[in-house]
Amino acid sequence: MRYLVSVITDTGALATPDEDAAIDVFNDRLQADGHWVFAGGLAAPSSATVIDGRGEEPIFTDGPFVESKEYLAGFWIMEARDLDVALRLAAEGSKACNRKVEVRPFL
Amino acid sequence: MNVADVQEAITQAHRGEWARVVASLAKRFGDLDIAEDAAAEAFATAVERWPAEGVPPNPGAWLTTTANRKAIDRIRRENKRDDKHKEAQLLHDDDPPEPLGAIDDERLRLIFTCCHPALAMETRVALTLRMVAGLTVPEIARAFLAQETAVGQRITRAKAKITAARIPYRVPSAEDLPARVSGVLAVLFLVFNEGYLATGPGTDPVRHDLTAEAIRLTRLIRALLPQDGEVAGLLALMLLTESRRTTRVSASGELVPLGEQDRGAWNPALIGEGHRLVRERLAAAAAGVAPGRYQILAAISAVHTSARDVRDTDWSQVVALYDQLVRLDPSPIVALNRAIAVAELDGPEVALAAIGRLEHRLAGYHPYHAARADLLRRLGRSQQSRAAYDKAIELAGNTAETAYLTRRRDQLG
């Protein structure tokens, strides 16, 4: 079973060196324990472009598709056998990156 | 066997077997929705057939077999779904089978799943009352003054989340167990309190159905986890509170405070059972096991129910127990209750000073204003007392309590 663990932030600040180091340690453990699928940090929402390719010509719009104070700063995709395991890992991830996270199962 | 006897047998079976039937089906078919529907259908079949055919010798086995058959029928009907989809709907328990012990009861799995921390508190309450206690959606809606459709949707969404997010169907691991048990107890305490001090105009001030259900479920948890001190503490607290139920509201529908209740009418059997549990926990505390909040609250309740007359109450013991509770839970509500006990030990003046320090945190909490009104009344400060009663009446949601506070206010000189 795969879970998307989204990192939520509202500060706009990038991870500090301490937070980066904690994230590295956590990621190493995810890999060692077989929970790792993928992870990455994202650039600021202001760098996003929205594309609507449903018409004849694609339409490009500057900026994120939803403006909000809180936004996605990065994510993990984790392999876990059930939600109890995913919640425990997500809690550790939240501590490591020092941000709130949201857990959502893949279909 | 006459109609009333069959009715009684069905009620008994529902009370005793519902959770077991749902739990065993959930385990076998891996789907709460199928388990709930099949159990409901089995009981409906019993209502149809038992009056004519008689009550089977083993009603529980009959209901489980019937429910199993209903579930298999439904799965066959739905078999056109592709296998992958069906697999995704299964409840999961990938643990290697644990050795059979007291803890390996299917009902316990069911309770832990319904009280999972990833579900909202209101959802846990509704789901537990439906799946474990067997209350119908209309009954749950009535108990919490909610719309039936809203309660139904809440339960449906919860079942969908349990499946989609793969909330496991098992007893939590040993490291998670204490936190998860306390989550279950919080749900049961909430159900009990809503029954004990029901809110809303036109509601019975005491909802015996809810208090009885909460006690029944806590007894079940106690039977399944006999070593857990807080389970024993919560059960004792509920029993001792319930023992005073009939004396808490007067014939005219007014709340009767502890000091004015007819102690001769308290239920001695419930008190006896509650006191035994408290003594059991006191022995554990003497052996060095620190008591949790439910055990301390139960001990306070035991002091009150031990006094034949309110004047015999050991208030220094009550205050000492509240001191212990404050160390565990420094919330303003605990501090307020401590101050109310202090009034009996050191007088209303001391208590009023203690309560005054809580104002900014409890301004919207009606018991704060009710306690303050009472202390001011005892100190002869009628005008201030009246204003405090006004505020308490404005904020109180329980009809019996409003009636009591209004009379008290109107009696002020």
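Predicted model: local features only at pLDDT ≥ 70, side-chain atom pairs only at ≥ 80, totals over all residues.
**Questions on a two-chain model**

Reader: Among contacts in chain A between residues at least 6 apart in sequence, what percentage join residues at least 24 apart?
Author: A contact here requires C-beta atoms within 7 Å. The contacts considered are those between residues at least 6 apart in sequence, and the share that joins residues at least 24 apart is 74%.

Reader: What percentage of the residues in chain A is buried?
Author: Along its principal axes, the C-alpha atoms of chain A fill a box of roughly 45 × 35 × 20 Å. A residue counts as buried if 20 or more other C-beta atoms lie within 10 Å of its own. Of the 107 residues in chain A, the buried part is 21%.

Reader: How many residues of chain A are in contact with chain B?
Author: On the chain B side, nine residues take part. By class, these are six nonpolar, one polar and two charged. Their partners in chain A number seven.

Reader: Which element gives the most to the side of domain 1 of chain B that touches domain 2 of chain B?
Author: Chain B is divided into domain 1 (3-81), domain 2 (106-167 + 176-225) and domain 3 (328-413). The contact between domain 1 and domain 2 of chain B takes 12 residues from domain 1 and nine residues from domain 2. On the domain 1 side, α1 (3-29) and α2 (32-53) of chain B each supply at least two residues. The element that gives the most, with nine residues, is α1(B).

Reader: How many charged residues are on the side of domain 1 of chain B that touches domain 2 of chain B?
Author: The centres of the two domains, taken over C-alpha atoms, are separated by 21 Å. The domain 1 side of the contact has 12 residues. By class, six are nonpolar and two polar, and the number of charged residues is four.

Reader: At what angle do the axes of α16(B) and α18(B) cross?
Author: Helix α16 (residues 348-356) and helix α18 (residues 366-378) of chain B have axes that come within 9 Å. The crossing is left-handed. The angle is roughly 145 degrees.

Reader: Which residues in α18(B) meet α16(B)?
Author: The contact of α16(B) with α18(B) has six nonpolar, no polar and two charged residues. From α16(B) come P348(B), A351(B), L352(B) and I355(B). In α18(B) they meet A371(B), R372(B), L375(B) and R378(B).

Definitions and conventions. Residues numbered from 1 in each chain as written. Chains lettered and ligands numbered in written order. Buried ≥ 20, exposed ≤ 12 C-beta atoms within 10 Å, placed from the backbone. Contact = placed C-beta atoms within 7 Å. Axes fitted to C-alpha atoms, helices over the stretch in contact; angles between N-to-C directions. Helix = DSSP H or I, 4+ residues; strand = E, 2+ residues; numbered from the N terminus. Left-handed = near helix turned anticlockwise from the far one by under 90°. Nonpolar A, V, L, I, M, F, W, Y, C, P; charged D, E, K, R; others polar. Domains from an automatic or database assignment.
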